[in-house]
Amino acid sequence: MDLNQPIPYKSAPNIVRTKVNKSPLKILIVDDERLVRETLKEYLHALGSFEVYLAENAFEGLNTIHRLGGGLDGVLVDINMPGMDGIEFVKRVKKKDRSIVAIIITGYPSSEKVIQAMRAGASDFLAKPFSLDQLSVSLERLAGERKVLKENVYLSRELQVKKALEETNQKLQQKVKEQAILFTISDTLSKTKSTKELYNTLVELACTLTQTEQGLFWVINRDEQKMILMASKGLYDPELETIHYPDSPLPYAQVAKDGIPTLIPAVDGAKRDAALIAIPLFIQKNIFGVLSIACPRPGVILEDDAVFILHLLTERASLTIENLLLYESVSYNLYSTLTALVSTLEAKDSYTKAHSQRVTAISIKIAEQAGCKDEELEILQFAGSLHDIGKIGIRDEILMKTGRLTPEEYGIIKKHSIIGEKIVKKLGLLSIEPQIIRHHHERWDGKGYPDGLKRKEIPRLARILAIADTFDAITSNRPYRPAREPEFAVKEILKNAGSQFDPELVEIFLTTYKQKRLDVI
């Protein structure tokens, strides 16, 4: 429910109006946020079947109930409030009149909190943000349950009351489970930053939510009519890595063809891995991929509820995938354009041709030896390729001067790292990469440029790039000197460990060199 937008009376649904008693139900709304109280009040007034009272905290709510002297039908109460929370409030309300129906509102639908609320006597709960339709359904339940409770209280039919409450609690438990799953899915997927990470997250979530040990996700290549395995968990047949689905009898292939989920339950005596579920993932009504789980844990049976969970998962994941694909496509196109500019720049000067490619490759080898994560390697691939893009803003007569630079000319050259940062930063797609481009000429002792950062003030990836840049510069021809041997470059870098370079990274560089991993181009 978007509580920042007023609810127009004409758009308010009439689902409750037609199903409650002719006399209006008395509802108390208890919430410490004024906007929430007023919005819910407007909505209930729009329905025309409610008499609404407001309280900004639990104590004021209890005073209102006392002041009314009975006759209250239901309460809508926020779970988190200062002084007394919604759970304690519901306990006191139920102690006073157990026929009052309580609906809990929460922004954090944890299982523990919901169970506490149910034990306190709550009949339903709404997880923020909720839609008006969800609220309307809850109010309908409130009206029906209130009627049952009042009749049974007055007639002292305790058994019937218990049965009605048990049915309500069963429905509530199912809703708790669904809302908790949706919250877990949405929260987890929102943290992914790439399609590769999302595919792995998708498989992990699928196995966790269905209590299975094997998960597989394929992306469909329509042009080649193949399913390409993008993420997996648990053991699987290597033949499943690429499936030519039009000719394959496998259940995953059938899902790729018709888009209909498949559930194969384990029959008596069959192995656990014989049970599986395969479900399509759609993007804009087209089958984009297939998600499969198998090998349920001991005691777990794959049934329709697991299919429903996977449906929720793929439905939520599809929009995230679509957005990430768009982002990656735009980012790749911009990266390709910028690397083409760098190649053009380097092609002007035979001495620096392919310099950025070599520096990037050397940086990645050092970073791998240093234990950098895949995400850091991707950042280094981008920043390394573009680390000298700022030289586009330097005049050719300075950039390609054959003699030594004057102090004034060297000062101009030093600006290329700032220019490069500005070029990449204006794309609006990156955050860490511009910092690496800006700081790849900083020194460990603080005597570098442009900001005079020292030691670990310099981003670690920029410190790696600085070593690679120096190694390639020494071993490449320059207008003012020929290329030197790699052994000479290594000695120079070792000599400057602790002054120009991070000494710890120099040791890692030396290990990488000894493993003969730096002959990259």
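**Note on backbone and charge features**

1. Glu56 is partly exposed, at 43% relative accessible area; buried means under 20%, exposed over 50%, and partly exposed in between, with a 1.4 Å probe and protein chains only. Glu56 sits in the loop between β2 (50–55) and α2 (58–68). Helices (H or I, at least four residues) and strands (E, at least two) are DSSP runs, numbered from the N terminus.

2. This is a predicted model; local features need pLDDT of at least 70, side-chain atom pairs count only at pLDDT 80 or more, and totals for chains, interfaces and linings use all residues. Residues are numbered from 1 along each chain as its sequence is written, and side-chain values use heavy atoms, with hydrogens and water left out.

3. Asp32, Glu33, Glu56 and Glu60 form a negative surface patch. Patch residues have over 30% relative accessible area and no salt bridge, and like charges are joined within 9 Å.

4. The structure holds eleven salt bridges. Each is a side-chain nitrogen of Lys or Arg within 4 Å of a carboxyl oxygen of Asp or Glu.

5. One of the salt bridges pairs Asp374 with Lys196, with the closest N and O atoms 3.8 Å apart. Asp374 lies in helix α11 (residues 374–385) and Lys196 in helix α7, so the pair ties together parts that are 178 residues apart in sequence. Asp374 is partly exposed at 49%. Lys196 is also partly exposed, at 47%.

6. Arg358 and Asp472 meet in a salt bridge at 2.5 Å, N to O. The pair links distant parts of the chain: Arg358 is in helix α10 (residues 355–369), Asp472 in helix α16, 114 residues apart. Arg358 is buried at 17% relative accessibility. Asp472 is buried too, at 2%.

7. Lys391 and Asp388 form a salt bridge at 3.6 Å, N to O. Lys391 is partly exposed at 23%, whereas Asp388 is buried at 5%. Elsewhere, salt bridges that share partners join Glu421, Arg438 and Asp451 into one network.

8. Now the backbone. A cis peptide bond joins Tyr449 and Pro450, with omega about 10°. Pro450 lies in the loop between α15 (432–439) and α16 (460–474). Arg455 is found in the loop between α15 and α16. Arg455 is not a glycine, but has a positive phi of about 50°.

9. Gln211 has a positive phi as well, near 55°, and is a residue other than glycine. Gln211 is placed in the loop between α7 (195–210) and β6 (212–221). Gln211 is partly exposed, at 40% relative accessible area.

Definitions and conventions. Patches are made of residues with over 30% relative accessible area and no salt bridge: like charges are joined within 9 Å, nonpolar side chains (Val, Leu, Ile, Met, Phe, Trp, Tyr) within 5 Å. Accessible areas come from the Shrake-Rupley method with a 1.4 Å probe; for residues, only the protein chains shown count as cover. Lys and Arg count as positive and Asp and Glu as negative; His and the chain ends are not counted. The place of a charge is taken as NZ of Lys, CZ of Arg, CG of Asp or CD of Glu.
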